[in-house]
Amino acid sequence: MTDFIIDLATLKPTLNRVEVEEPAHEVGLVDADWPGGIRADLRVEKSGDRVSVRGSVTSSARLECVRCLRAFDLEVSGDLTVFAERSTAAKRAEQEALERDNYMSFHDGRRLDLCDAVRELLLLELPISPHCREDCPGLCRKCGADLNDGPCGCAV
Ligand SMILES: [Zn+2]
Ligand SMILES: [Zn+2]
């Protein structure tokens with residue numbers, strides 16, 4: 001079982017520090033696209049049936065530069081915040097609506113699954129048009145040479 005599924009029985013009644021390091025496939029991402037795996041440094045607080053999770057999630061995504069088409073790795077990180085209540089069968093429909101609208105999660109009293117929240121957070125942090133570096137010159141429009149390797153000799 002992945003450490004991104006927190007076993008509530010192991011939590012102390014106050015504040016817990018939970019450090020997780022797992023390969024990307026554990027949260028439903030492709031390992032080849034997230035080659036360094038995923039790290040999280042979380043503070044998990046349990047108060048009765050309510051569990052709150054706050055912390056940071058870090059990974060590095062393998063992306064393709066939109067200008068030069070080279071693959072490069074981009075450090076990706078974001079803040080994870082999850083509030084979870086214990087689910088009850090009677091309120092299932094209400095819970096599903098809450099999960100969609102308010103990012104409220106539910107646990108079954110034994111485990112809190114953070115996989116979806118971690119995956120969504122990382123995907124939201126990805127740039128829409130990734131650049132290998134801010135001033136990447138890209139490819140020559142005439143000969144297609146990668147101008148990161150120097151001038152290609154075509155007239156500008
Ligand atoms: Zn580039
Ligand atoms: Zn050229």
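Predicted model: local features only at pLDDT ≥ 70, side-chain atom pairs only at ≥ 80, totals over all residues.
Let's start with the whole chain. It holds two helices and seven strands, and from the N terminus the elements follow the order β-β-β-β-β-α-β-β-α. Along the principal axes, the C-alpha atoms occupy a box of roughly 70 × 30 × 20 Å. The radius of gyration is 21 Å, whereas a compact globule of 156 residues would come out near 15 Å. Of those 156 residues, 19% are buried. If you look at contacts between residues at least 6 apart in sequence, 52% of them join residues at least 24 apart.

Now turn to the strands in the middle of that order. Strand β3 (residues 38-47) runs antiparallel to strand β4 (residues 50-64), and ten bridges join the two. Across this pair, Arg43 sits opposite Arg54 in β4. The hairpin of β3 and β4 has two residues between the strands, and Gly48 there adopts a positive phi near 65°.

Ser59 has Val76 in β5 as its bridge partner. This hairpin has six residues between its strands, with Leu69 taking a positive phi near 70°.

The largest nonpolar core has 25 residues, and Ile38, Leu114 and Val118 have the most contacts inside it. At least two residues of this core come from each of β3, β4, β5 and α2 (115-125). Val118 is a handy place to look around: beyond its neighbours within four places in sequence, it is in contact with Phe4, Val27, Ile38, Ala40, Val57 and Leu80.

Terms used
Residues numbered from 1 in each chain as written. Chains lettered and ligands numbered in written order. Pairing = 2+ DSSP bridges. Helix = DSSP H or I, 4+ residues; strand = E, 2+ residues; numbered from the N terminus. Core = buried A, V, L, I, M, F, W, Y, C linked by C-beta atoms within 7 Å. Buried ≥ 20, exposed ≤ 12 C-beta atoms within 10 Å, placed from the backbone. Contact = placed C-beta atoms within 7 Å. Rg over C-alpha atoms; globule rule 2.2 N^0.38 Å.
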